[in-house]
Amino acid sequence: MAKNITFIVTKDCQLACKYCYLVGKNEKEQMSWETAKAAIDYILSHEDEFREESVIWDFIGGEPFMEIDLIDKICDYLKTEMFRRNHHWFNSYRFSFSTNGINYHTPKVQEFIKKNISHLSIGITIDGTERKHDLNRIYKQSNPDGSEHGSYRDVVRNIPLWLEQFPGGATKVTISSPDIPYIKESVLHLYSLGIHEVNINCVFEDVWQEGDDKLFEDQLMQLADAIIDGGYYTDYACSFYSENIGKPLDPELENQNWCGAGKMLAVDAAGMFYPCTRFAGYSLREKKPLIIGNVRDGIDKNKLRPFLTLDRMTQSPDKCKTCEVASGCAWCQGENYDAAATSTVYQRATAICLMHKARVRANNYYWNKLYRKLELEGQREQYEKNKREVKPVDC
Amino acid sequence: MLQYLVILLDDTSTSYCHYGVNKKERRLISLDHLRQGIRFGMVENLMIQFVYPDYALPQEYLDVIDTIDHSNIKPMAVLDNDTDIVVLNSWDYDASKLKDAVVVLRTGWKQLNENHGMLKDLLAVVQRLNVVITDVERMTDSDREQYKTVLASLGKEVEQLYVDGKSPQFNLLTDRMMLTAMNNCNAGDTTITLAPNGKFYTCPAFYYEEESNSVGDLDSGLDIKNKQLYRLDHAPICRKCDAWQCRRCTWLNRKTTLEVNTPSHEQCVAAHLERNASRDLMLSLRSKGTFLPDKEEIKELTYLDPFEIATQWK
């Protein structure tokens, strides 16, 4: 298992996506080299507290590539220090980025990619067709005429280069209420761009309107028809469809927490540690930041205990405990905390409930239709042998 | 289900638990709030416990208090025949005045280590002694080792009292032997507190430390959000634990781990040292003859903090 350690290198971004949960983005909080170094020194000098086999050094923002000089320096230092200390993570690490893709082609980013390509994962977020993408993913600065300035064209031009460098590149799509009518066309569009793996999730925040679940189900069924009738299911994947979702869960044997908050670690520009980035102040609408330590004093292990003992049943309301389609229904610990009636991570937010149920119905339709087709074509056995697995999308 | 209502009669009412009283100005609860609080306790069928400051109350307050069956928690300074629980906030006390009393002794680690020898005489005269460690969350490695020694020493004293035919009640050593299940503070679950400002809190500590975090008031009633988190079945570490004498202080939980249902490492270790000392005491008493034959032996454990094995429970 890998430890995920996230540097929030900046809280700035070129975009102002409408569904972005980062309510406190700003242009002032860039991580300094001194803070980054102090965080690295703390982490690497406490090897006994970080026993995971490998590590994913994650960089997020805002938009992380806006701070490419700092990131390059951090990564060079990490490599040097892991080697110098003979740390068990040396040669068992990855650098990971989620980027809006706008700066992907720039010389500094490209130089960084070439230098670190063997230990690098980069995901570019593109939401689908131009109209779907530009519905939410707009620049902070409007067009001169005052209209919204979508980012699609500045992202899509970098997709071929990205796929050339990361042939298995997957993209992450986020669905909010206004996006629902464009799901089908967007996934097919991403396939047409050469992206074979599309990971989608609905936002966990309470943004849903009455009737959204019906629209969502309809879109997913239309998409199911398109994927199956178009034969995409052999080489392409969409995380909406999974054979493992929509089943009841055993209260004892399947009582694990969904989210990895607390097992992960995030550090921000002020040198504060968080159980995940979602607990930093810029991510929270209602609650205070949930700080578990800092680069000077280290991690307060008492503050990690609630996260490491969290289980599904204790935080779930009765309707979730007895839900007949519970499997695959995700939650975000940070959103749970932010939406909770008290200052707790033990109250599961259920804004996503109807959307999950809609997904389960469409998912059932997808697999029934696909397997019937494969049976009739005598292809089922071969399909099952070769089918690609899509990891569940958690956040 | 609620069973107890604690009413703080004054902002300077004595602490009888882990928290400190950070309000220095006297402010009596208003007579109107006092009457309403008593009425609330009556209609909700709650046992009322009044917590007194260190000065005499006006007669009109005593008259109102006397309108309901209740218990009185008083500091040593106002100890009288009407006291049900007397609180000692220092080691400077006269044990002869505490004959057959139910006593709460509040102490820090340092003072306990220095003065624990005095407890022998106190245990010999009181009906019951609760020692409350006021800085349990600041336990150092040295405190832990000394606490182990202190408990072993006190165990010998308690054992001798039993041998002498007495039945001392001492929260740190005898409660675990007598219990058959968790017996915790249960603030927010079975107990609620009315503060002098007319608002409800899950316990007095929350009034002193997070005054804005009330859980209702006398006009609108109780409104404990996420009430289930105060119950044992919603405490992942505690519900599997057998340190049944632990106070399981939700305020200390909140202070140290940010969650009312999750204890700190220090609270768990302290409770397990007490549990293990109770085990040694029980074994020793049984080696001398029949002792609590209906009670199961306290098992030997390989850990002091159940968090260490918590991941195996999931």
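Trainee: How many residues of chain A are in contact with residues of chain B?

Mentor: In this predicted model, 19 residues of chain A are in contact with 23 residues of chain B. Contact requires heavy atoms within 4.5 Å, so each of these residues meets that cut-off.

Trainee: What makes about 1900 Å² the area buried between chain A and chain B?

Mentor: Buried area is the accessible area that two parts lose on being put together, summed over both; the value of about 1900 Å² therefore covers both chains. Of that area, 53% lies on carbon and sulfur atoms. Within chain A, N302(A), R305(A) and T309(A) lose the most area to chain B, together 33% of what that side buries.

Trainee: Why is the pairing of R239(B) with D311(A) called a salt bridge?

Mentor: The N to O distance between the two side chains is 2.7 Å. The cut-off is 4 Å between a side-chain nitrogen of Lys or Arg and a carboxyl oxygen of Asp or Glu, so R239(B) and D311(A) qualify. The count of salt bridges between chain A and chain B is two.

Trainee: How many residue pairs are in polar contact between the chains, and which helix gives the most to the side of chain A that touches chain B?

Mentor: Ten residue pairs are in polar contact between chain A and chain B, both residues being at pLDDT 80 or more. Helix 9 of chain A, residues 305-308, gives the most to that side, with three residues. By class, the side of chain A that touches chain B has seven nonpolar, seven polar and five charged residues.

Trainee: What makes the space of about 80 Å³ a cavity, and which residues lie closest to its centre?

Mentor: A 1.4 Å probe fits there but cannot get out, so the space of about 80 Å³ is called a cavity. Three cavities of 30 Å³ or more are counted, and this is the largest. Its lining has 13 residues, with C238(B), C241(B), C246(B), P263(B) and C268(B) closest to the centre. That lining divides into ten nonpolar, two polar and one charged.

Key: Residues numbered from 1 in each chain as written. Chains lettered and ligands numbered in written order. Predicted model: local features only at pLDDT ≥ 70, side-chain atom pairs only at ≥ 80, totals over all residues. Heavy atoms only, no water. Buried area = accessible area lost by both parts, 1.4 Å probe. Polar contact = N/O pair within 3.5 Å; in protein donor to acceptor, adjacent residues only side chain to side chain. Helix = DSSP H or I, 4+ residues; strand = E, 2+ residues; numbered from the N terminus. Nonpolar A, V, L, I, M, F, W, Y, C, P; charged D, E, K, R; others polar. 1 Å grid on protein atoms, 1.4 Å probe; cavity = no way out; pocket = protein on both sides within 12 Å on 5 of 7 lines; lining within 4 Å. Points joined across faces, edges and corners; volume = space filled by probe spheres on them.
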